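Hi there,

Here is the structure I promised to pass on. My notes on what turned up in it follow below.

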Amino acid sequence: MTEVGIDAIEIWTGKLKLDLPNTFAPAKGEDPEKYTKGLGLNASSFPDTYEDIVTMGANAAHRLMEHEGLEPEDIGRIDVATESSFDNSKPVSTYIAGCLERVYDGKFSHANKGERKFACLAGTQSIDDAYNWIKAGRNRGRSALVIATDTALYARNDPGEATQGAGAVAMLISEDPELVTLSTEQGYGSADETDFLKPNQQFPSVDGKRSVQVYLARMREALQDFESVAGRVTVEDFAYGPFHTPFPGMVRKAALFAYRHMTRDTAIEDDLAEEIGRQPREEAFDDDEAYEEALREYMDGLKRTDAYQEWYGRVIDPTLTISRNVGNWYTGSVHLARASALRTAFEEGRDLAGERLMVGSYGSGAQAEIHAETVQDTWEGKIADLTIDQQIEDRYDLSYEEYERVHDVHNHDVDSDVEGEDVEGFTAPAEEFVFDGWGRMGERKYRFAE
Ligand code: COA
């Protein structure tokens, strides 16, 4: 049977940095630890004035194609996942293909292009589409390019402002992939929710606290649905658990629920019983409130146990390293988590071939998806050349006043050029696609800066 999965990945971060404890917290009059300890974030990435979802996506895709020695004729499909699109008709993938055609001799005229939307879940759904296209035998030997690109901005003073971020992840989906194969089994948790939405507006309307609860509820359903097809999941089944990471504190909550679920009725629950008792069972309680209180108490004890902390440190924490320094990339976020885990394994010289990942994606509105991935023998060569650490290091560190200006530049409702002067970039582009102004039909134009 043909195996299908991720053959290669590339990451492009927005080139500006907002330091949360040192720049954002003092300006907001907040304790820096609210961000570093509470949300688990050190910094957010922002696009420079000449960057947007197209440039970041095209730059990630270009780098991936160069690294893999690909030409347009090798790609049969380009899907862009984003929740930051600026056009209700023309897909972002056409803009990105147009950029790439500036630097390659060949064209993407044969490639099927689209744009996927389901909040932060769309990147994973685009991988799904590519998987199905290849499995159906429609790919004629070609690979699919999936690009998750977002400028995750919130209105100023929205509680979500601390979790902003911007960047793109490009992934090549192929037969017999060299990084990870995808499981046939998937689990879903899906419901009509209004936790986070953008009804024809750039910045989201968010019920932040509710979105946290909806994330946990849909993720639990997805895990149960996954188990219904793949069998019971235990804490030792997976080397890493990359989850959608709007901010690391969210994953910290989700991981504790997942651990409780996976250890129920196992020897681990028995071992922990001496220390924190057994897990409360709903049928043993007369009313919901008492049951919920008992659960809270159990979870509180569980998160302090050595067994949980060892598992969290080994399986979950390594997925958060990149996210901690770049913020929420919406559609790209779970794919950053996977990259973060694989890069940690690479740096530690860990032999990961044949090991499995449990990947949990989530999109508000709302839907969670869980599937497994198996790391391939050739994985190290696909991770060794990632430059994300250097990119993070090289970002321009914004003052708070500069941050406000950049936020305005990317705000579609603010005319940043009001005094007739373009807002200068903070960094100098080199060998990359840049935004180059507007065309006569209101389209965005791009060029390759040498
Ligand atoms: N030191 C340590 N921790 C601190 C702290 C301090 N000085 N101050 C606050 N915290 C902790 C809080 O206890 C809380 O942790 P907990 O949830 O484990 O209790 C965390 O930091 C966040 O603080 P909170 O007051 O809840 O932040 P907030 O009201 O400003 O908003 C969100 C938090 C998540 C609601 C907000 O960032 C948001 O709306 N985000 C966008 C939506 C989102 O990402 N949803 C996730 C699902 S997709």
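**Overall fold**

The protein chain has 15 helices and 15 strands, where helices (H or I, at least four residues) and strands (E, at least two) are DSSP runs numbered from the N terminus. Its radius of gyration is 22 Å, close to the 22 Å that the globule rule gives for 450 residues, so the chain is as compact as a globular protein of that length. That radius is taken over C-alpha atoms, and the globule rule is 2.2 Å times the number of residues to the power 0.38.

A word on the ground rules: this is a predicted model, in which local features need pLDDT of at least 70 and side-chain atom pairs count only at pLDDT 80 or more, while totals for chains, interfaces and linings use all residues. Residues are numbered from 1 along each chain as its sequence is written, and side-chain values use heavy atoms, with hydrogens and water left out.

Along its principal axes, the C-alpha trace spans about 70 × 55 × 40 Å. Of the 450 residues in the chain, 56% are buried (buried means under 20% relative accessible area, exposed over 50%, partly exposed in between, with a 1.4 Å probe and protein chains only). The accessible surface comes to about 19,300 Å², and carbon and sulfur atoms account for 43% of that; areas come from the Shrake-Rupley method with a 1.4 Å probe, and for residues only the protein chains shown count as cover. Taking contacts between residues at least 6 apart in sequence, 77% join residues at least 24 apart, a contact being heavy atoms within 4.5 Å.

**Cavities**

There are two cavities of 30 Å³ or more in the structure. A cavity here is a set of points, on a 1 Å grid over the protein atoms alone, where a 1.4 Å probe fits but cannot get out, and lining residues have an atom within 4 Å of a point. Grid points are joined across faces, edges and corners, and a volume is the space filled by probe spheres set on the points.

The largest cavity holds about 90 Å³ of space. It is lined by 14 residues, with G241, M262, W311, V315 and M358 nearest its centre. The elements giving two or more residues to this lining are α7 (248-263) and α10 (306-316). By class, the lining of the largest cavity has 11 nonpolar residues, two polar and one charged. For these classes, Ala, Val, Leu, Ile, Met, Phe, Trp, Tyr, Cys and Pro count as nonpolar, Asp, Glu, Lys and Arg as charged, and the others, Gly among them, as polar.

The second largest cavity contains about 50 Å³ of space. Its lining consists of A8, I9, E10, L64, H67, E68, K382, D385 and L386, with β1 (4-13) and α3 (53-68) each supplying at least two residues. Four of the lining residues of the second largest cavity are nonpolar, one is polar and four are charged.

**Backbone features to look at**

Most residues other than glycine have a negative phi, and most peptide bonds are trans. These spots depart from that pattern:

- The peptide bond from G365 to A366 is cis, with omega near 0°; A366 sits in the loop between β11 (356-363) and β12 (367-375).
- Y330 is not a glycine, yet has a positive phi of about 50°. Y330 lies in the loop between α11 (321-326) and α12 (333-347) and is buried, with a relative accessible area of 0%.
- E431 has a positive phi too, near 55°. E431 belongs to the loop between α15 (400-409) and β14 (432-438) and is exposed, at 54% relative accessible area.

D52 is in the loop between β3 (43-46) and α3, and counts as buried at 6% relative accessibility. Its C-alpha atom is 9.9 Å from that of F433, although the two residues are 381 apart along the chain. Not counting residues up to four places away in sequence, D52 touches F435, R444 and Y446.

R102 is found in the loop between α4 (92-101) and β5 (112-116), and at 52% relative accessibility counts as exposed. Leaving aside neighbours within four places in sequence, R102 is in contact with Y446, R447 and F448.

Terms used. 1 Å grid on protein atoms, 1.4 Å probe; cavity = no way out; pocket = protein on both sides within 12 Å on 5 of 7 lines; lining within 4 Å.
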